[in-house]
Amino acid sequence: MDDHFSRFEYVLFDLDGTLTASGPGIIHSFEYMLDTLGIAYLEDMSCLIGPPLEESMEQFFGLTGDDKTEAIRIYRERYNSVGWNDNSLYDGIEEMLRSHKDNGMKLAVATSKPELMSERIISYFGISEFFDTICGSVPGERHTKSDVIAEVFSRLKIKDRSKVLMVGDRKQDIEGAHKMGISAMGVLYGYGSREEFERAGADFIAETPADVKAWNL
């Protein structure tokens, strides 16, 4: 491993597709919403995992205004009840987090998922102890990845952005990190692809949680 990776002091992790395999709960909740509203499914529903809900409703289903608000309400009706638990921690995540924490890293969750739900999921999987902060979206305040990263900067009082790495599984993680002037790593065990990361300009790409651990950040 190149020594230049040792420059990082802070690692920010996306949640869905990076720490947990949340696809089933998310997709089933979208299906519930689409069935309720009489909207056809997408050919590939996996593209809905990762982007903010507001963005997905507009980009993939053309929903805006009150229609978008109602669609999000219906989605969350199922997700907040049972969808959040239709989820699992990726093998090796706890070991990876523990290794970085033991090496003196400051770790944060930076996700577009609502913050209260993110805290619930992190607590459910028993990994809260590894994070200095869990930061997610808040209606009317922040919903994009760059918004969330900016809030992490504020909470952890980060001044030197060259010391920060964002780890995620979709292009929004890479693009949001670069917008905020930090490096980004794409993980292939989630819902994104190498091609997606390369197009977005990912600085690093890892195949497994063990690879993220082995970077020796």
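This is a predicted model: local features need pLDDT of at least 70, side-chain atom pairs count only at pLDDT 80 or more; totals for chains, interfaces and linings use all residues.
Colleague: What's the strand order in the open sheet, and is the pairing parallel or antiparallel?

Modeller: The order is 3-2-1-4-5-6 for the six strands, and the pairing is parallel.

Colleague: Which strands stand at the edges?

Modeller: Strand 3 (133–137) and strand 6 (204–206) do; each has a single partner strand, so one side of each is left without a neighbour in the sheet.

Colleague: And how are neighbouring strands turned against each other?

Modeller: By 25° on average, ignoring direction.

Colleague: How many bridges join strand 5 to strand 6?

Modeller: Three, with strand 5 covering residues 183–187. Across that pair, Met185 stands opposite Phe204 of strand 6.

Colleague: Which strands does helix 7 touch?

Modeller: Helix 7 (residues 171–179) packs on the sheet against strand 4 (164–168) and strand 5, and its direction makes about 175° with that of strand 5.

Colleague: What about helix 4, where does that lie?

Modeller: Helix 4 (residues 93–102) lies across strand 1 (10–13) and strand 2 (106–114), at about 135° to strand 2.

Colleague: Switching to helix 1 and helix 3: at what angle do their axes cross?

Modeller: Roughly 130°, with the axes of helix 1 (residues 23–37) and helix 3 (residues 65–79) coming within 8 Å. The two helices are therefore oblique to each other, and the crossing is right-handed.

Colleague: Which residues make the contact?

Modeller: Among them are Phe30, Tyr32 and Met33 of helix 1, and Ile74, Tyr75 and Arg78 of helix 3. The contact residues divide into nine nonpolar, four polar and two charged.

Definitions and conventions
Residues are numbered from 1 along each chain as its sequence is written. Side-chain values use heavy atoms; hydrogens and water are left out. Two strands pair if DSSP finds at least two bridges between them. Helices (H or I, at least four residues) and strands (E, at least two) are DSSP runs, numbered from the N terminus. Axes are lines fitted to C-alpha atoms, for helices over the stretch in contact, and angles run from 0 to 180 degrees between N-to-C directions. Contact means heavy atoms within 4.5 Å. Angles under 35 degrees count as roughly parallel, over 145 as roughly antiparallel, 65 to 115 as roughly perpendicular and the rest as oblique. A crossing is left-handed if the near helix is turned anticlockwise from the far one by less than a right angle, and right-handed if clockwise. Ala, Val, Leu, Ile, Met, Phe, Trp, Tyr, Cys and Pro count as nonpolar, Asp, Glu, Lys and Arg as charged, and the others, Gly among them, as polar.
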